[in-house]
Amino acid sequence: MAPSGPVAVLLTGVGKRYDIVAAFAQHATVVAADPNPLAPAQYAAHHRYAVPRIDDPAYVPALAELCERYGVGAVVPLTDLDIEVLAVARAAGKLPALVPDPEIARATFDKYEAHLLLTGLGLPSPATVLPGEQVEGYPVMVKPRRGSGARSIHRADDARAAEFFVDYVHEPTMIQRMMDGPELSIDCLSDLEGRCLNAIPRTMIESRGGESIKGTVVNDAELVALGRRVVQALGVRGACTVQVFRDREVGLRITDVNARFGGAFPAPMYAALPGRTYPELIVRMARGERVEPHVGDFRAGISFSRYFWQLELDEQMRPTGRDIIQPPGPPPPR
Ligand SMILES: Nc1ncnc2c1ncn2[C@@H]1O[C@H](COP(=O)(O)OP(=O)(O)O)[C@@H](O)[C@H]1O
Ligand SMILES: [Mg+2]
């Protein structure tokens, strides 16, 4: 029998991702960790801690202490920044982190390494070179190797423009064929052995600052199969979002792999069948339960449209529980 008692989940780098923290808090005790004491999403957790910064040697010991104190069964990162640190700590047996092995964490944080890794595994990635290397053709996108949130990405229509942007972006870059066609994302979840449990594709109608704010869940067998192939080839654990373009000429190409919850948390939440939302499945795995794969079981056709919300905090920065309307949400019928 799998253990079924209470379990806690530690979410790191919670930032503004209030929806994710709130969803976990419905199924487990949630501890939120963020170096920023004003991170809004921490207020959706049962316990909140301003931990040392990720590059501080005290970071992992601080998380380990929280795991010990609250009986944490899974540490789940919500940003790219600490996935590798958590992966190293996991490999050393220091944290029950739901992250890939360190070399996969490192490679998926560096888009050029990710390109080499994917092509080495026979997975489709757009033609990509480093500055100074021969480009197949134009237009190209000049992208930071370790970018996120669509920061500092520039289209270049010829060699002169590409050279300019490589120089202009003050960090290591790479030069990638510009994809022409719709951009889609596949929100995947894997178990502790790297088996894909589900893969839910969606369109990316509108994005802002790395968050997808409008999209539709689609029933697309080719994308479901690709999502599963990618996460199983990489041995990902936990949530992973695979971004692709369906290029008019070359077909599906993978442009970004994020070994964490993607920029559109509501999509796989709405699409999941009852009892199978990703937070619920992660809580079950944190309890030591085995979850059977159910790849392709979800409801397609549902769209989401996101907006901002906020919390009122008192003079001591404690949430007052008051809101600008009560209760939040659409008006009651008249
Ligand atoms: N090769 C490409 N062709 C066309 N657009 C691209 C390409 N690569 C990235 N983009 C655009 O830039 C956005 C951010 O790029 P991405 O590779 O996802 O990096 P990140 O999300 O980590 O900043 C994408 O969502 C896409 O709209
Ligand atoms: Mg991206």
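Reader: Which domains give residues to the shell around ligand 1, and where does it lie?

Author: Domain bounds come from an automatic or database domain assignment. In this predicted model, domain 2 (100-125 + 180-307) and domain 3 (127-177) both supply residues to the shell around ligand 1, so it lies between them. A word on conventions: residues are numbered from 1 along each chain as its sequence is written, while chains are lettered from A and ligands numbered from 1 in the order in which they are written. Because this is a predicted model, local features need pLDDT of at least 70 and side-chain atom pairs count only at pLDDT 80 or more, while totals for chains, interfaces and linings use all residues.

Reader: How many residues surround ligand 1, and which are the closest?

Author: A residue is near a molecule if its C-beta atom, placed from the backbone, lies within 6 Å of it. Here 18 residues surround ligand 1, with M141, A150, Q176, M179 and D256 the closest. Two or more residues come from each of β6 (140-144), β8 (173-177) and β14 (251-258); strands (E, at least two residues) and helices (H or I, at least four) are DSSP runs, numbered from the N terminus.

Reader: How does the shell around ligand 1 divide into nonpolar, polar and charged?

Author: Ala, Val, Leu, Ile, Met, Phe, Trp, Tyr, Cys and Pro count as nonpolar, Asp, Glu, Lys and Arg as charged, and the others, Gly among them, as polar. The shell holds six nonpolar, seven polar and five charged residues.

Reader: How many residues of domain 2 and domain 3 are in contact?

Author: Contact means that the C-beta atoms of two residues, placed from the backbone, lie within 7 Å. Nine residues of domain 2 touch nine of domain 3. On the domain 2 side, α5 gives the most, with three residues, and that side divides into two nonpolar, five polar and two charged. The C-alpha centres of these two domains are 25 Å apart.

Reader: At what angle do the axes of α4 and α5 cross?

Author: Axes are lines fitted to C-alpha atoms, for helices over the stretch in contact, and angles run from 0 to 180 degrees between N-to-C directions. Helix α4 (residues 102-109) and helix α5 (residues 111-120) have axes that come within 5 Å and cross at roughly 120 degrees. Angles under 35 degrees count as roughly parallel, over 145 as roughly antiparallel, 65 to 115 as roughly perpendicular and the rest as oblique; α4 and α5 are therefore oblique to each other. R106, A107 and T108 in α4 meet E113, A114 and L117 in α5.
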